[in-house]
Amino acid sequence: KNDLKLFPSLIDFSWCGQGRPMPGHPGIVKGGRDNVVRDPRKRQAFFERVLDPLLDSSMQYRDSIYAWEIINEPEWVVRGLFRRGPDRTVARKEMQAFIADCIRRIDGKRLPDGGRAFQASVGFAHWETIEKWRSDRLGITLRQFHYYAQKNRAQPAGMHAADHPCVIGEFATAAGRDWPDLMARKEGQTL
């Protein structure tokens with residue numbers, strides 16, 4: 001009715017973090033599911049039992065779905081990136097294999113004319129990951145990064161080329177962590 005589109009996310013990086021009981025609810029464990037990313041057999045079962053039914057259901061509402069996000073900010077659980085800790089449970093190659101396998105399933109959903117039913121995206125925490133991980137080789141059809149106005153991190157240039165669609169999936173709006181262009185829009189200025 002309002003021409004809004006959904007951008008569902010299959011999993012969050014915390015899915016792969018170290019399993020921890022939820023405070024006050026010891027029977028509920030957050031995380032600890034990294035084996036779905038690391039083990040091809042478990043990944044296959046996850047896709048068959050979770051992703052495929054979601055995609056099948058999504059076909060009925062294709063006009064309401066902008067794209068499917070495979071994982072939100074995978075960098076936070078990949079070993080050797082940014083910082084160390086117990087939540088670094090997945091190797092980069094394992095995560096890339098998970099993403100590529102997921103994209104193949106998303107790409108397998110086709111329209112009657114043979115075109116893609118959905119774009120596939122990954123919500124990278126940092127714009128640099130798009131190039132470092134060679135996202136085009138993974139099959140990502142909608143490039144996405146998150147921008148929180150980190151110190152000494154300028155807005156990336158050239159991320160909006162017509163042959164490489166790109167969206168900013170999350171961005172800073174809090175005082176002191178704003179993006180000057182966004183603040184100007186909020187204040188009604190023309191950029």
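This report walks through a predicted model, from its overall fold to single residues.

## Basis of the model

The structure is a predicted model: local features need pLDDT of at least 70, side-chain atom pairs count only at pLDDT 80 or more, and totals for chains, interfaces and linings use all residues. Residues are numbered from 1 along each chain as its sequence is written, and side-chain values use heavy atoms, with hydrogens and water left out.

## Overall fold

The protein has 6 helices and 7 strands. Both are DSSP runs, numbered from the N terminus: helices are H or I with at least four residues, strands are E with at least two. Along the sequence the order is β-β-β-α-α-β-α-β-α-α-β-β-α.

Of the 191 residues, 37% are buried. Buried means under 20% relative accessible area, exposed means over 50%, and partly exposed lies in between (1.4 Å probe, protein chains only). The protein exposes about 11,400 Å². Carbon and sulfur atoms supply 51% of that area. Accessible areas come from the Shrake-Rupley method with a 1.4 Å probe; for residues, only the protein chains shown count as cover.

A contact is a pair of heavy atoms within 4.5 Å. Among contacts with a separation of 6 or more, 57% join residues 24 or more positions apart.

## Nonpolar core

The largest nonpolar core has 36 residues. Such a core is a set of buried Ala, Val, Leu, Ile, Met, Phe, Trp, Tyr and Cys residues joined through side-chain atoms within 4.5 Å. Ile70, Met95, Phe98, Ile99 and Ile106 have the most contacts inside this core. Two or more residues come from each of β1, α1, α2, β4 (68-72), α3 (92-107), β5 (120-123) and β6 (143-147). Helix α3 gives the most, with 7 residues.

Isoleucine 99 shows some of the links. Beyond its neighbours within four places in sequence, isoleucine 99 is in contact with Ile70, Ile71, Val122, Trp133 and Leu138.

## Aromatic pairs

A pair of aromatic rings is described by the distance of the centres and the angle of the planes. The whole structure holds 5 aromatic pairs. Rings of Phe, Tyr and Trp (its six-membered ring) pair if their centres lie within 6.5 Å; planes under 30 degrees apart count as stacked, over 60 as edge-to-face and the rest as tilted. Tryptophan 15 and phenylalanine 46 have ring centres 5.4 Å apart and planes at 50°, so this pair is tilted. Tryptophan 15 lies in the loop between β1 (9-12) and β2 (20-22), and phenylalanine 46 in helix α2 (residues 40-59), so the pair ties together parts that are 31 residues apart in sequence.

Tryptophan 15 is partly exposed, at 26% relative accessible area. Phenylalanine 46 is buried, at 8%. Phenylalanine 46 also pairs with phenylalanine 47 in a tilted arrangement, 6.1 Å centre to centre and 45° between the planes. Phenylalanine 47 is buried too. Ring pairs link Trp15, Phe46, Phe47 and Phe98 into a cluster. The charged end of arginine 33 sits over the ring of tryptophan 15, 5.9 Å from the ring centre. That label requires NZ of Lys or CZ of Arg within 6 Å of the ring centre and within 35 degrees of the ring normal.

## Arginine 38

Arginine 38 lies in helix α1 (residues 35-38). Its relative accessible area is 35%, so arginine 38 is partly exposed. The side chain makes a polar contact with the side chain of aspartate 34 (2.7 Å). A polar contact is a pair of N or O atoms within 3.5 Å; within protein, one must be able to donate a hydrogen and the other to accept it, and residues adjacent in sequence count only if both atoms are side-chain atoms.

Leaving aside neighbours within four places in sequence, arginine 38 is in contact with Arg43, Thr89, Val90 and Glu94. Arginine 38 and alanine 97 are 59 residues apart in sequence, yet 8.6 Å apart in space, C-alpha to C-alpha.

Asparagine 72 lies in strand β4 and is buried, at 12% relative accessibility. Not counting residues up to four places away in sequence, asparagine 72 touches Ser9, Ile11, Asp12, Phe13, Gly123, His146 and Glu170.

Glutamate 73 lies in the loop between β4 and α3. Glutamate 73 is not a glycine, but has a positive phi of about 50°. This residue is buried, at 11% relative accessible area. Aspartate 3 also has a positive phi, near 60°. Aspartate 3 sits in the segment before β1 and is exposed, at 67% relative accessibility.
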